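Welcome, and please take a moment to turn the model around before reading on. The paragraphs that follow will lead you through it step by step.

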Amino acid sequence: MVDNIWSEFAWSYDAICSQLNCYRRMVDKILRDTQGLAYVIDAGCGTGLVSEALVARGSTVVGFDNNPGMLAVALRKQAQSSEEARARWTVLEGDVRVFPSRAVGGADAVVLNNVLFYVREPEAVLRESLAHLKPGGRLISAGPRRRPDLRKVMEQSIEEWKAEGRWDEALQKATAYHVDLTRRLVSDPNEMVTFFEPEALVAELRRLGCTRVLAADHDDYYGENYYVCMER
Ligand SMILES: C[S@@+](CC[C@H](N)C(=O)[O-])C[C@H]1O[C@@H](n2cnc3c(N)ncnc32)[C@H](O)[C@@H]1O
């Protein structure tokens, strides 16, 4: 387990991301591209937001993360879910560079949602992810194309919240804390280290053995994020 900036995020990450429309739209794309898939590995699962949506939709999910604070939130959610959901949702401690042994291979999909930007060895993580897919399985990766324009993302998000009547005191308080921390994350060159344009990630995944492109765009987070889904 590692104690890093994600320990501080654990307080606000779930509260904010679950409310951010740009995050919700990204999760919708993951649900779209895993529709009907039985077994999904959520690598770097954080507080379990994506895992929870996949489980609710019917998949069996193994999620893992190496930060104790983020993982504690995911474990709490898993424990509080219905018995039927709990049976299909496993939350583990683990590193995306070498998946934990209980994240067994042969997966229908591996999801790396907003995770690669934090690792210095993206090729190792992609290789490990592909090694855990069955032939024809899907690798989904989303993340920043470059150091993100935080002000643009937050201003547009707040506009949307106001228009929807959701910009209440609780959200304002959580946002203030979260934005402060996110500003540190996006500006510190030691925190955010890996960025991809979708075309570059597609080329990298082809080199590593992926064949078919199911999605490759840069629509998310108001144009700041890429989204790629490819078949092994
Ligand atoms: C932006 S959060 C994304 C969480 C989740 N995937 C989601 O979509 O909400 C990044 C997560 O990656 C995790 N992470 C970063 N490096 C990792 C590593 N080497 N192994 C496992 N998890 C890692 C962090 O602990 C954090 O929870």
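Nine aromatic pairs are counted here, where rings of Phe, Tyr and Trp (its six-membered ring) pair if their centres lie within 6.5 Å, and planes under 30 degrees apart count as stacked, over 60 as edge-to-face and the rest as tilted. Trp-6 and Tyr-13 are edge-to-face because their ring centres are 6.3 Å apart and their planes stand at 75 degrees. A pair of aromatic rings is described by the distance of the centres and the angle of the planes. Ring pairs also join Trp-6, Phe-9, Tyr-13, Phe-117 and Tyr-118 into a cluster.

A word on where these values come from: this is a predicted model, in which local features need pLDDT of at least 70 and side-chain atom pairs count only at pLDDT 80 or more, while totals for chains, interfaces and linings use all residues. Residues are numbered from 1 along each chain as its sequence is written, and side-chain values use heavy atoms, with hydrogens and water left out.

Are Trp-6 and Tyr-13 buried or exposed? Trp-6 is buried, with a relative accessible area of 12%, and Tyr-13 is buried at 14% relative accessibility. Here buried means under 20% relative accessible area, exposed over 50%, and partly exposed in between (1.4 Å probe, protein chains only). Setting aside neighbours within four places in sequence, Phe-9 is in contact (heavy atoms within 4.5 Å) with Met-70, His-178, Leu-181, Thr-182 and Leu-185.

Now look at the helices and strands. These are DSSP runs numbered from the N terminus, with helices (H or I) of at least four residues and strands (E) of at least two. How do helix 3 and helix 8 pack, and at what angle? Helix 3 (residues 21–33) and helix 8 (residues 150–164) pack at an angle of about 95 degrees, and their axes are 9 Å apart. The axes are lines fitted to C-alpha atoms, for helices over the stretch in contact, and angles run from 0 to 180 degrees between N-to-C directions. Helix 3 is therefore roughly perpendicular to helix 8, since angles of 65 to 115 degrees count as roughly perpendicular, under 35 as roughly parallel, over 145 as roughly antiparallel and the rest as oblique. At this meeting place, Asn-21, Cys-22 and Arg-25 of helix 3 touch Val-153, Ser-157, Glu-160 and Glu-164 of helix 8. Sorted by class, the contact has two nonpolar, two polar and three charged residues. In this sorting, Ala, Val, Leu, Ile, Met, Phe, Trp, Tyr, Cys and Pro count as nonpolar, Asp, Glu, Lys and Arg as charged, and the others, Gly among them, as polar.

Two further helices are worth a visit. In helix 4 (residues 49–57), the buried residues are Leu-49, Val-50, Ser-51, Leu-54 and Val-55, and just after helix 4 comes Gly-58, with a positive phi of about 120 degrees. In helix 7 (residues 122–131), the buried residues include Pro-122, Val-125, Leu-126 and Glu-128. Their cover includes strand 4 (107–113), strand 5 (133–144) and helix 10 (198–207).

Most residues other than glycine have a negative phi, and most peptide bonds are trans. Asn-114, in the loop between strand 4 and helix 7, has a positive phi of about 55 degrees although it is not a glycine. Asn-114 is also buried, at a relative accessible area of 15%. Tyr-222, in helix 11 (residues 220–223), likewise has a positive phi of about 55 degrees without being a glycine, and Tyr-222 is buried at 17%.

Glu-231 sits in strand 7 (residues 225–231) and is buried, with a relative accessible area of 14%. Beyond its sequence neighbours within four places, Glu-231 has contacts including Gly-136, Arg-138, Cys-210 and Arg-212. Ala-215 belongs to strand 6 (residues 213–219) and is buried at 8%.
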